Amino acid sequence: MEKVIFERIKSNSSNIFSKKERSFLYKTKEELPKQVRLEACTLCQLNCVACWMRLGAEEIKKTDGFGYLRFKDFKKFVDDNPQIESIELSNNGEIFLNPELDEIIKYAYEKKIVLTAYNGVNLNTLSDKTAEILVKYQFREMTVSIDGATPDVYKIYRRGGDLNKVIVNIKKINEYKKKYNSEFPILTYKFIVFSHNIEDIPLAKKLAKELNMYIKFDQNSQTWYDKLSEEQKIRAEKLSGEKFEETTEKFYLEKYKKNNSKYFFCLDLFEKPQIDWNGKLLGCCFPTTSKFNVNVFKQGLFKSLNNIRVLYVKRMLTDFSVPPKEGFLCTDCTVYKLLKEENFELFKNKNV
């Protein structure tokens, strides 16, 4: 069926698509990305200070709304796309608030699909059953966003959260890892450094070790909320043993230019497209509402990624002489504007 669709597209391509856009067309399902980002849940029990989902909640309610990925949609998506090898489930919400997550994890395991939550979970909620399923069905890796090592410090940013609950839930997972003699899920303790939690850094390192977790320190990218002074930055670097650089879009771009980063936001649309909980194509991890007007669950991944809007946006990202269109994804994005300003060749360090 996909070949028929492609032939129809190709036969009309002189009228519909430019030569550049045609180069992004998928001819068969086998050519589709082997990795995707599929939002498991946009609901969250916390109210973190600088969370763009909470700050933009009213706008989201008016458009795509909040919700969670249904197992039936996940199953159909996986069955329709046998080329998929890995799926990132975390993005803007807390995956453990999805009541159908257990079924999703089991089915992915049966289909030999690697599941990750690199983007992060807060882990304030985790049943014993789900903790066991994470281990038994080899959920690969999770980043736990903690940002402190004492309850009073933790809740300053993670409003509504309870560090004691998080630690109990991490221990649950570790108990099942011991029971099943499994290294999965690999757990990372993510600590965003703010002015209020710097002195918690040594205790966080100790706690991570006790909990058999890796630890990752990040400087706060939302500098409008809490930008470290130079003195605070030096103190944080001394305590953590790491050097902090501002994680702005320009920082990531500079790292990508030097080929020191395997990941850059705009590559998502090409290599591991972000899909919302309801099937709407978002493109990358930045948007909170859909602008492509395509639904992967209804139209299929093949047809969705061959949509004319998607192809035009890919052209925008790889050819800055192409004018951005109002209402299209990327047009108002600060990352796209930065790429355009520097006339940066997105794939210069990649073999594509």
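Author: Ile201, Pro202 and Lys205 in helix H11 meet Ala236, Leu239 and Ser240 in helix H13; contact here means heavy atoms within 4.5 Å. The model is a predicted one, in which local features need pLDDT of at least 70 and side-chain atom pairs count only at pLDDT 80 or more, while totals for chains, interfaces and linings use all residues. Residues are numbered from 1 along each chain as its sequence is written, and side-chain values use heavy atoms, with hydrogens and water left out. Helices (H or I, at least four residues) and strands (E, at least two) are DSSP runs, numbered from the N terminus.

Two packed helices are described by the angle between their axes and the distance between the axes. Axes are lines fitted to C-alpha atoms, for helices over the stretch in contact, and angles run from 0 to 180 degrees between N-to-C directions. H11 (residues 201–210) and H13 (residues 230–240) have axes that come within 9 Å and cross at roughly 30 degrees. H11 and H13 are therefore roughly parallel to each other (under 35 degrees is roughly parallel, over 145 roughly antiparallel, 65 to 115 roughly perpendicular and the rest oblique).

In the loop between H11 and strand E6 (214–219) stands Asn212. Its phi is near 60 degrees, a positive value in a residue other than glycine. Asn212 is exposed, at 55% relative accessible area (buried means under 20%, exposed over 50%, partly exposed in between, with a 1.4 Å probe and protein chains only). Leu123 also has a positive phi, of about 60 degrees, although it is not a glycine. Leu123, however, counts as buried, at 0% relative accessibility, and lies in the loop between strand E3 (114–121) and helix H8 (128–136).

The axes of helices H6 and H7 come within 9 Å and cross at roughly 15 degrees, which makes H6 roughly parallel to H7. Phe71, Phe74, Lys75, Val78 and Asp79 of H6 make the contact with Glu103, Ile104, Tyr107 and Ala108 of H7. This crossing of H6 and H7 is right-handed.

Which residues of H6 (residues 71–80) are buried? They are Phe71, Phe74, Phe77 and Val78. These residues cover an arc of only 130 degrees around the axis, so they are on the same side of H6; the arc is that of the directions from the helix axis to the C-beta atoms. Among the elements that cover them are strand E1 (35–38), helix H7 (101–110) and helix H17 (301–305).

Thr331 is buried, with a relative accessible area of 13%. Its side chain reaches the backbone oxygen of Lys325 at 2.7 Å, and a polar atom of that side chain lies 3.3 Å from the backbone oxygen of Phe328. Beyond its neighbours within four places in sequence, Thr331 is in contact with Met316, Pro324, Lys325, Tyr336 and Lys337.

Conventions: A polar contact is a pair of N or O atoms within 3.5 Å; within protein, one must be able to donate a hydrogen and the other to accept it, and residues adjacent in sequence count only if both atoms are side-chain atoms. A crossing is left-handed if the near helix is turned anticlockwise from the far one by less than a right angle, and right-handed if clockwise.
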